[in-house]
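Biologist: Before I rely on any label attached to this model, I would like to go through the labels one by one and hear what stands behind each. Could we start once the model is on the screen?

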Amino acid sequence: MKIRFLFIVILFWCAKGYAQKFEGLALTPPMGWNSWNTFQVDISDELVRGIADKMVSSGMKDAGYTYLVLDDGWMAMERDSLTGNLVPDPKKFPNGMKVLVDYVHSKGLKFGLYNCAGTKTCAGYPGTRGYEYQDARYYASLGIDYLKFDWCNTDGINAKEAYTTMSKALKAAGHPIVFSLCEWGTNKPWLWAENVGELWRTTGDISAIFDGFLDHGTWKQQGVMPIVDLQIGLRKYAGPGHWNDPDMLEVGNGMTVNEDRTHFSMWCMLAAPLIAGNDLRKMSAETETILINKEVIAVNQDKLGIEGFKYKDKDSLEVWVKPLDKDNWAACFLNRSQAPVKVNFNWKEEIINDTLFKKTLNANQQTYKIRNLWSHSMQGDTQKPLVALVPSHDVIMVRLSK
Ligand code: GLA
């Protein structure tokens, strides 16, 4: 009897170990930089070094941005004809990839690469289909820390199977790698990817517009607000080690400062990965102030890892809340309209219940101090209503603490 029990336990343990991703990666949403939003395939050795240097000198690294990820376009058009290995583009990366990985590591940062589950990447470079274990060994040999895995040219294959195969290949190669699934939410990865990777895209590609879409005919890039709307209903699937990913940041890529601030605040409220996508080497002081706001980042990186939710909306004003560690809360008053809107929020009349994560904000039972996370100043407490004017396309974001 005892032996049979032991056998079952061992069997269960083996099955679990085999199926599982690396443990303990990305316990808070991953933070970093990715080349795609600004550079597309126009990337190089020089760019990576410049970005790595700026991540350190600007204070981004200190603020938590760790991963420097090269997106599509880092490979030559063909695999090595003898070994079948992927080859870094020799023109863009004349010193190869390993020296660059070492350089980025020497700065105290981590390095990531991109590939695709299909036969070719979205930009037409060699895809991983049929080479999963070989590519995983190649990434392990480079010592990279992050893999973004896209979904072009997949010709009807099963997403769960394809991503699980790559996840197992990474595990078998033995080097811990954050696995970022990028199939745009098409196959609802939130239902099956918790043990496959650390983050999964929930939506199509972002674009640096606040509202609306950028229409390319066969596909559309989405603005920040439509992406926010599409996150509703997904919060129950996210948590430490497995995150909904509403795509990389467009802060500093052409929206107004107010819109950039709103975009960043909402990504923090949503516990989204914070992957900057601007040219850090040339960013303005305003962009830098947004990306490095440590008080707002602390909301994103809160250790409970609970994604925020829309508590209410009235006309164009939305109130989002996020439970935080130590019974703190973040609240974000979002004005989606073209004109300023007055907020008058009486905490004592608003009993906020997060039924999913069993948290309650009740200002009648507990007075909370209010800190404005963009002006970095205290703004009274929950005994009095919060009265303020929110500029167009902007937010007031506060932290409530006891
Ligand atoms: C897809 C992804 C983008 C980017 C490009 C690269 O569109 O969603 O984030 O990686 O491919 O080709």
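Biologist: Why is Trp219 called partly exposed?

Modeller: This is a predicted model, in which local features need pLDDT of at least 70 and side-chain atom pairs count only at pLDDT 80 or more, while totals for chains, interfaces and linings use all residues. Residues are numbered from 1 along each chain as its sequence is written, and side-chain values use heavy atoms, with hydrogens and water left out. As for Trp219, its relative accessibility is 40%, and buried means under 20% relative accessible area, exposed over 50%, and partly exposed in between, with a 1.4 Å probe and protein chains only. Trp219 therefore counts as partly exposed.

Biologist: Where is Trp219 found, and which residues is it in contact with?

Modeller: Trp219 is found in the loop between strand E7 (213–215) and strand E8 (220–222), where strands are DSSP runs (E, at least two residues) and helices are runs of H or I of at least four, numbered from the N terminus. Leaving aside neighbours within four places in sequence, Trp219 is in contact with Asp205 and Leu214, contact meaning heavy atoms within 4.5 Å.

Biologist: Asp205 brings us to the ligand; which residues are the closest to the ligand, and how many surround it?

Modeller: The ligand is surrounded by 13 residues, and the closest are Asp71, Asp72, Lys148, Asp150 and Asp205; the criterion is a heavy atom of the residue within 4 Å of the molecule. By type, this shell divides into 7 nonpolar residues, no polar ones and 6 charged ones. In that scheme Ala, Val, Leu, Ile, Met, Phe, Trp, Tyr, Cys and Pro count as nonpolar, Asp, Glu, Lys and Arg as charged, and the others, Gly among them, as polar.

Biologist: How do you know whether Thr287 is buried or exposed?

Modeller: Thr287 has a relative accessible area of 7%, and is therefore buried. Thr287 is found in helix H10 (residues 285–291), and its side chain makes a polar contact of 3.1 Å with the side chain of Ser284. Further along the sequence, Thr287 is in contact with Val251, Gly252 and Asn278.

Biologist: What makes Asp394 a buried residue, given its place in a loop?

Modeller: The loop in question lies between strand E19 (386–390) and strand E20 (395–401), and Asp394 counts as buried because its relative accessibility is 3%. Asp394 touches Asn258, Arg261, Thr262, Phe333, Leu334 and Asn335, not counting residues up to four places away in sequence. His393 is found in the loop between E19 and E20 as well; it is buried, with a relative accessible area of 10%, and has a positive phi of about 50° although it is not a glycine.

Biologist: Why is Lys358 called exposed?

Modeller: Lys358 has a relative accessible area of 71%, which is why it is called exposed. Its place is in the loop between E15 and strand E16 (359–361), and its phi is near 55°, a positive value in a residue other than glycine.

Biologist: And why is Asn353 called partly exposed?

Modeller: Asn353, found in strand E15 (residues 352–354), is partly exposed because its relative accessible area is 44%. A polar contact of 2.7 Å joins the side chains of Asn353 and Thr360.

Definitions and conventions
Polar contact = N/O pair within 3.5 Å; in protein donor to acceptor, adjacent residues only side chain to side chain.
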